[in-house]
Amino acid sequence: MFRSVLRGRSLCAGVAAGAAAGTAGLALWAPQERKHKVAPTVPVRCETDPAALGAAVLGGLAAGAVGGYFFGKSQGEASTERYEKYWPRKIMMLFGAPGAGKGTQGPKIVDTLNVPQLSTGDMLREAVAAGTEVGKKAKAIMSSGGLVSDDIVIGIIADRIKQPDCKTGFILDGFPRTLAQAKALDSMLAKSGENVSLILEFAVDPKMLEERICGRWMHKSSGRSYHVRSCPPKSMKLGADGKPVPETMKDDITGEPLYQRSDDTAEALKTRLDAYKNQTLPILEHYKDKGIVKQVDGGKGITEVWAEVSAKLVSK
């Protein structure tokens, strides 16, 4: 059923492509005067014969339709293969300490599965801007300086995942952060007969995390990230102590100054790792019994990590 629907839609796309190709064929065969290098005593004027013109138009339409059909068919089959390869609907979470690689691998997962990565902060702002019932409640609380409750966040997620782009799945970004939130999420999903289907845990040695975090420099307006060892900006110069001179750290594209986040320090990292251990690890323990937690060696190179991630996305 799924395959036939996709092919039906693809055929429509193919017809449209065929019409475009047919138009192109007509343009190529439109009557025009062509110049030829011939003897001056033999003037040549190339007028298109009506019959030839008709054949050209029909030929162009036919060729375009056939090409468009196969183009549309291949697009539809690609969608079908993705569905069959990664079925069932992916309801995912990415976990890992700061610097573990979630930010690098997340966009690749989004592109591969063709599902959105949902940030609780973004969803909250969208709900408030749209004036939804839950958004109005959140706005009232935030206006009074209060913190939005877990119930409201769950309500916002429940509304958001009903959108068409979540039809084949979604990735939750920044939620849940506590065991209580995880249990509330489970209850919400259970109402529609669903559950979290896959959790990827990026595991990296703490010493490597410190090197990654403390060597990271950012470009504020674009979010581009650099690293003093693995991806230094072209402008970087080192001081006598072997550390980069801050004034020389500039974006390769704009030449604008780079900066380090205030929490990209060894001291701040320790605090963040403690919070991760105390709040996030219990969530992983909660889901491990369900057999959906898959660990990824985030200490490898980006390409190697992606190979491991992509393999663990496949339904088995």
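Q: Partly exposed means a relative accessible area between the two limits, with buried under 20% and exposed over 50%. Where does Asp165 fall?
A: Asp165 counts as partly exposed, because its relative accessibility is 35%. Keep in mind that this is a predicted model.

Q: What does the side chain of Asp165 meet in a salt bridge?
A: The partner is Arg160, with an N to O distance of 2.7 Å.

Q: And Arg160, buried or exposed?
A: Arg160 is buried, its relative accessible area being 17%.

Q: Let's back up to the whole thing. How many helices and strands does the protein chain have?
A: The protein chain has 10 helices and seven strands. It runs to 316 residues, and 31% of them count as buried.

Q: What share of the contacts with a separation of 6 or more comes from residues 24 or more positions apart?
A: Such residues account for 69% of those contacts in the protein chain.

Q: How many salt bridges turn up in a search of the whole structure?
A: The search finds 13. One of the pairs is Arg89 with Glu194, whose closest N and O atoms are 2.6 Å apart.

Q: Where in the chain do Arg89 and Glu194 sit?
A: Arg89 is in the loop between α2 (50-86) and β1 (90-96), and Glu194 is in the loop between α7 and β4 (198-203). They are 105 residues apart, so the pair links distant parts of the chain. Arg89 is partly exposed at 22% relative accessible area, and Glu194 is also partly exposed, at 23%.

Q: What separates Glu308 and Lys312 within α10?
A: About one helical turn, because the two are four residues apart in helix α10 (residues 302-313). Glu308 and Lys312 form a salt bridge, with the closest N and O atoms at 3.1 Å. On accessibility, Glu308 is buried at 18%, while Lys312 is partly exposed at 22%.

Q: Which residues do salt bridges with shared partners join into one network?
A: Arg216, Arg261, Asp263, Asp264 and Arg272.

Q: Now Asp186. Which helix is it in?
A: Asp186 is in helix α7, which covers residues 179-190.

Q: How far from Asp186 is the nearest side chain of opposite charge?
A: That side chain is Lys290, 5.1 Å away. Asp186 is buried and has no salt bridge. The cut-off for a salt bridge is 4 Å between the nitrogen and the carboxyl oxygen.

Q: What does the Asp186 side chain have a polar contact with?
A: With the side chain of His286, at 2.8 Å. Beyond neighbours within four places in sequence, Asp186 is in contact with Val196, His286 and Tyr287.

Q: Change of topic: at what angle do α4 and α5 pack?
A: Helix α4 (residues 120-130) and helix α5 (residues 133-143) pack at about 105°, and their axes are 7 Å apart. Therefore α4 is roughly perpendicular to α5, since angles of 65 to 115 degrees get that label.

Q: Which residues meet there?
A: On the α4 side, Leu124, Ala127 and Val128; on the α5 side, Gly135, Ala138, Lys139 and Met142.

Q: Last one, Ile141. Where is it found?
A: Ile141 is in helix α5 too. With a relative accessible area of 24%, Ile141 is partly exposed. Setting aside neighbours within four places in sequence, Ile141 is in contact with Gly146, Leu147, Val148 and Ile152.

Definitions and conventions. Residues numbered from 1 in each chain as written. Predicted model: local features only at pLDDT ≥ 70, side-chain atom pairs only at ≥ 80, totals over all residues. Heavy atoms only, no water. Buried < 20%, exposed > 50% of the residue type's maximum accessible area, 1.4 Å probe, protein only. Lys, Arg positive; Asp, Glu negative; His and termini not counted. Polar contact = N/O pair within 3.5 Å; in protein donor to acceptor, adjacent residues only side chain to side chain. Contact = heavy atoms within 4.5 Å. Axes fitted to C-alpha atoms, helices over the stretch in contact; angles between N-to-C directions. Parallel < 35°, antiparallel > 145°, perpendicular 65-115°, else oblique.
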